[in-house]
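Thank you all for coming. I would like to go through one structure with you today, starting from a term that we will need and then moving from loops to helices and rings.

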Amino acid sequence: KIMPGISFIVQKAFNIQKCRCIDVLAGCSGYINAFDIARKYIITEDCNCALVIGVEKLSECIDKNDINIVSLLGDGASASILAPTKSQKLYYSNIESIGQIGDILTYEIPEKIYMDGKQVYRFGTTKPIENINELLRKSNLTLKDIKYIVPHQSNLKMLKRICKELNIEEQKMYINIQNVGNTFCASIPIALTEMFEKDLLKSGDKIILIGYGGGVNLGSILLEI
């Protein structure tokens, strides 16, 4: 269904009487974009809290005969609630879009998802690293200050390559693609949910969220738990 958007369906399902519904179509970094937008509404006191949802049903969008995609992509959904806090917490974001190369990853109805594997891999192993480094420069922090990097779960080879290029141990990056697959914009909130369930995150920890993909879009957020 194209209209109404998913956010309106969620509002109806929870019977929320007054809210602002926004659907963000930004590929695999959609959760990052939505998270940053929601925070801006909260800090300007335009809203009291926000429900940020990442959800994908990729099984309906793929060619079951495309071996480059069918074994990688999965369905998934997860959400975060954002609200004001009395304590001052660090927050920095670095979000950008490069529509000029958006044709490397496309989905046109009634066609299926198309991916230029070579170009997507090149993009996914270079631009996120540049983006994270710029985020660290903005925050005056280093990777030594960061407890975890929580990435969009693109594919295991790409994630390992990013770790190598950033010169960090793989344990510093939370990876769960081997269990849930690539769920596009749902992958980061799913990972965060698992991390909280495993008690991996404590108050005061600094983490980086990084999303990259269709659009093409990429963005990172540095936040303090």
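By buried I mean under 20% relative accessible area, by exposed over 50%, and by partly exposed anything in between, calculated with a 1.4 Å probe on protein chains only. What you see is a predicted model, in which local features need pLDDT of at least 70 and side-chain atom pairs count only at pLDDT 80 or more, while totals for chains, interfaces and linings use all residues. Residues are numbered from 1 along each chain as its sequence is written, and side-chain values use heavy atoms, with hydrogens and water left out.

Let me begin with the backbone. Most residues other than glycine have a negative phi, and most peptide bonds are trans. Glu-45 is not a glycine, and yet its phi is positive, at about 60 degrees. This residue lies in the loop between H2 and strand S1 (50–56), where helices (H or I, at least four residues) and strands (E, at least two) are DSSP runs numbered from the N terminus. With a relative accessible area of 70%, Glu-45 is exposed. Asn-15, in the loop between helix H1 (6–14) and H2, likewise has a positive phi, of about 55 degrees, although it is not a glycine, and at 56% relative accessibility Asn-15 counts as exposed.

Which residues are joined by a cis peptide bond with omega of about 5 degrees? They are Ile-109 and Pro-110, and Pro-110 is found in the loop between strand S4 (105–107) and strand S5 (113–115). A cis peptide bond also joins Gly-215 and Val-216, with omega of about -5 degrees, and Val-216 sits in the loop between strand S7 (206–213) and strand S8 (217–224).

Now to the aromatic rings. Rings of Phe, Tyr and Trp (its six-membered ring) pair if their centres lie within 6.5 Å, and planes under 30 degrees apart count as stacked, over 60 as edge-to-face and the rest as tilted. A search of the whole structure gives two aromatic pairs. In one of them, Phe-35 and Tyr-91 have ring centres 6.3 Å apart and planes at 5 degrees, so this pair is stacked. Because Phe-35 belongs to helix H2 (residues 30–43) and Tyr-91 to strand S3 (residues 91–97), the pair ties together parts that are 56 residues apart in sequence. Phe-35 and Tyr-91 are both buried, and together with Tyr-31 they form one aromatic cluster.

Next comes helix H7 (residues 187–197), in which eight of the eleven residues are buried, so this helix is largely enclosed by the rest of the structure. Among the buried residues of H7 are Ile-188, Leu-192, Glu-194 and Met-195. The buried residues of H7 pack against H2, S1, strand S2 (76–82), strand S6 (148–151), helix H6 (177–180) and S7, with contact meaning heavy atoms within 4.5 Å. After H7 comes Asp-199, whose phi is positive, near 60 degrees.

Finally, a residue in helix H4 (residues 127–139), namely Glu-130, is partly exposed, with a relative accessible area of 45%.
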